[in-house]
Amino acid sequence: AIDPNFDQNREQVSEEKLDELRSSENDAFGDGVAVWGPVEPPEKLGIHGTHVAVDYDICLADGACLENCPVDVFTWVDTPDHPVSETKVEPTNEDQCIDCMLCVDICPVDAIDVDPG
Ligand code: SF4
Ligand code: F3S
């Protein structure tokens, strides 16, 4: 399961490093969403998002979060050659999250943490 204390236990990937990743082949590193390392593509992709956080190294692209989120927080991104799945959900619109916790409850592998704080 995702570490709910990831923001204390991990380091946020720098903007410079993110720019590098965005210009590389995969599109898993969208604009605006923080990434918490370690990140070593394609095997290790880190945790994406802060208020709504998805552990990319746990997500297996079930899709229930994206299909059921009432405010469409998530979008699909390609993660070619990741050992668990070749697509993941990016919490692109995490600022719209209404803290309903549906995604947290529905994910079969507990890849999502939502912190209403
Ligand atoms: Fe969407 Fe609810 Fe999850 Fe927020 S907690 S991302 S509103 S499903
Ligand atoms: Fe991934 Fe879980 Fe959603 S496996 S696609 S975060 S329901």
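Tutor: A residue is near a molecule if one of its heavy atoms lies within 4 Å of it. The model discussed here is predicted.

Student: With that in mind, which residues surround ligand 2?

Tutor: The shell of ligand 2 includes a run made up of Cys-59, Leu-60, Ala-61, Asp-62, Gly-63, Ala-64 and Cys-65. Val-89, Cys-107, Pro-108, Val-109 and Ile-112 also surround ligand 2.

Student: How does that shell divide by class?

Tutor: Around ligand 2 there are 10 nonpolar residues, one polar and one charged.

Student: And what is the division by class around ligand 1?

Tutor: The shell of ligand 1 has 13 nonpolar residues, with no polar and no charged ones.

Student: Which residues come nearest to ligand 1?

Tutor: Of the 13 residues around ligand 1, the nearest are Cys-69, Cys-97, Cys-100, Met-101 and Cys-103.

Student: Is Cys-69 buried or exposed?

Tutor: Cys-69 counts as buried, because its relative accessibility is 13% and the limit for buried is under 20%. Cys-107, which belongs to the shell of ligand 2, is likewise buried, at 14% relative accessibility.

Student: There are several cysteines here, so how many disulfides does the count give?

Tutor: The count comes to zero disulfides. For a disulfide, two cysteine sulfur atoms would have to lie within 2.5 Å.

Student: Let us change topic to His-48. Where does it lie?

Tutor: His-48 lies in strand β2, which covers residues 47-48. Its relative accessibility is 0%, so His-48 counts as buried.

Student: What does the side chain of His-48 make a polar contact with?

Tutor: Its partner is the side chain of Glu-90, at 2.8 Å.

Student: Which residues does His-48 touch, leaving out those up to four places away in sequence?

Tutor: Glu-90 is one of them, and Pro-91 is another.

Student: Now the whole chain. How many helices and strands does it have?

Tutor: The chain has four helices and six strands. From the N terminus, their order is α-α-β-β-β-α-β-β-α-β.

Student: Why does the radius of gyration agree with a compact globule?

Tutor: A compact globule of 117 residues would have a radius of gyration near 13 Å, and the chain has 13 Å, so the two agree. Along the principal axes, the C-alpha atoms fill a box of roughly 35 × 25 × 25 Å.

Student: What share of the residues is buried?

Tutor: Of the 117 residues, 40% count as buried. As for contacts with a separation of 6 or more, 52% of them come from residues 24 or more positions apart.

Notes. Residues are numbered from 1 along each chain as its sequence is written. Chains are lettered from A and ligands numbered from 1 in the order in which they are written. This is a predicted model: local features need pLDDT of at least 70, side-chain atom pairs count only at pLDDT 80 or more; totals for chains, interfaces and linings use all residues. Side-chain values use heavy atoms; hydrogens and water are left out. Buried means under 20% relative accessible area, exposed over 50%, partly exposed in between (1.4 Å probe, protein chains only). Helices (H or I, at least four residues) and strands (E, at least two) are DSSP runs, numbered from the N terminus. A polar contact is a pair of N or O atoms within 3.5 Å; within protein, one must be able to donate a hydrogen and the other to accept it, and residues adjacent in sequence count only if both atoms are side-chain atoms. Contact means heavy atoms within 4.5 Å. Ala, Val, Leu, Ile, Met, Phe, Trp, Tyr, Cys and Pro count as nonpolar, Asp, Glu, Lys and Arg as charged, and the others, Gly among them, as polar. The radius of gyration is taken over C-alpha atoms; the globule rule is 2.2 Å times the number of residues to the power 0.38.
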